[in-house]
Amino acid sequence: MSDAVEFGGVPLDRSARIYVAGHRGLVGSAIWRKLEAEGFTDIVGRTSSELDLKDRGAVFEFFRETKPRYVVLAAAKVGGILANNTYPVDFLTDNLQIQVNVMDAALEQRVERLLFLGSSCIYPKFAPQPIHEDSLMTGHLEETNDAYAVAKIAGIYQVQAVRRQYGLPWISAMPTNLYGPGDNFSPQGSHVLPALIRRYDEAASSGAPSVTNWGTGSPRREFLHVDDMASACLHLLDHYDGPEQVNVGTGTDVTIKEIAETIAKVAGFEGETEWDTSKPDGTPQKLLDVSRLTEAGWTAQIGLEDGLRSTVKWYREHIDALRV
Ligand SMILES: NC(=O)c1ccc[n+]([C@@H]2O[C@H](COP(=O)([O-])OP(=O)(O)OC[C@H]3O[C@@H](n4cnc5c(N)ncnc54)[C@H](OP(=O)(O)O)[C@@H]3O)[C@@H](O)[C@H]2O)c1
């Protein structure tokens, strides 16, 4: 596989209709905000109750009526380890149906640019770190989210197949762990960072003397603010035109302990943090190689502490209206 970044994407026409699938989610809402800020004047979205993307007939009807020129596919069934591990059928079939329906209907309308969003869990469990795009399909997946990962890998191949068979310049992006306003903070569904925010915020407000987290705190993880993610997505749509998926991250990682300490600080928690080392740690490191994205001319702008501060503020302001 080639290492060369393929430039030459024609910047999107800001007055053309763009459909953001999943526009109320963490990623979709950030993309919507970014598009508005960049002067897009015809942004279209539907909630899942208005348009169930698993309903193939309804999706085709929507595309025939709406005729978007561009599509960002940020709708998906998303969850943490527990949900992925408990409901693998849902994560496989819901995601396959959503993405196949949207991409088939977009193809029928010859949508000019489509961005498919996957996830870093598409890469093999033991991929060399930092993980380069070329690691795709070189080893076994992490078992706890393999069903979700297989659906996402199928999405990358569908984008590549459309490019090959129809010559449409569709692309895929694979973000690292994301966080920010609009995240899922529910105890059942959340990822590590929103779960820590919730835990430290509750401890700070109840005056608890200590917080206990799972594991040793030594695994290293990468976190990207979702507004940076949205900025990267638009940059890729404007400037990247290649068949290979592009990793989206900061290029640096931190230990879970460091992230917990920073969240404790910004949440105003003054007690002790304890680590339950009888609980598993997970993979020691997960960091994306972002050289392809850097070559394409984009780097992250939002520092972790600043990003966490604004996310904790958002969480507190929206605590009564969070999703369950
Ligand atoms: N969060 C992360 O850390 C992360 C990391 C890497 C990649 N990603 C990727 O980014 C994408 C978006 O993730 P996210 O974190 O923004 O997820 P999210 O906050 O859970 O949002 C997903 C959105 O998808 C919509 N959706 C789900 N099922 C649907 C259906 N059957 N019909 C119509 N809409 C449906 C939901 O719409 P309603 O709100 O209207 O129900 C929801 O707003 C996913 O592809 C995910 O793999 C996320």
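In what order do the strands of the open sheet stand, and is the pairing parallel or antiparallel? Six strands form this sheet, in the order β2-β1-β3-β4-β5-β10, and the pairing is parallel. Strands here are DSSP runs of E with at least two residues, helices are runs of H or I with at least four residues, and both are numbered from the N terminus. Two strands pair if DSSP finds at least two bridges between them.

Before I continue, a word on the model. It is predicted: local features need pLDDT of at least 70, side-chain atom pairs count only at pLDDT 80 or more, and totals for chains, interfaces and linings use all residues. Residues are numbered from 1 along each chain as its sequence is written.

Returning to the sheet, β2 (43–44) and β10 (246–248) stand at the edges; each has a single partner strand, so one side of each is left without a neighbour in the sheet. Strands β3 (residues 70–73) and β4 (residues 113–117) pair in the parallel sense over 4 bridges. V71 has L114 in β4 as its bridge partner.

I turn now to the nonpolar core, meaning a set of buried Ala, Val, Leu, Ile, Met, Phe, Trp, Tyr and Cys residues joined through C-beta atoms within 7 Å. A residue is buried if 20 or more other C-beta atoms lie within 10 Å of its own, exposed if 12 or fewer, and partly exposed in between, with C-beta atoms placed from the backbone. The largest such core has 91 residues, of which L73, L115 and C233 touch the most other members. Helix α7 (residues 226–239) gives the most to this core, with 8 residues. Leaving out residues up to four places away in sequence, C233 touches I31, V72, L115 and A173; contact requires C-beta atoms within 7 Å.

Next, the ligand. It is surrounded by 25 residues, the closest being G22, G25, V27, T47 and S48; the criterion is a C-beta atom within 6 Å. Helix α1 (26–37) and strand β6 (177–179) each supply at least two residues of this shell, and α1 gives the most, with 3 residues.

Finally, the unreviewed UniProt entry annotates R199, W214, R221 and D281 as "binding site"; such annotations may be inferred rather than shown by experiment. R199 lies in helix α6 (residues 192–206) and counts as buried, because it has 21 C-beta neighbours inside 10 Å. W214, in strand β7 (residues 210–214), has 16 such neighbours inside 10 Å and therefore counts as partly exposed.

Methods:
Two residues are in contact if their C-beta atoms, placed from the backbone, lie within 7 Å.
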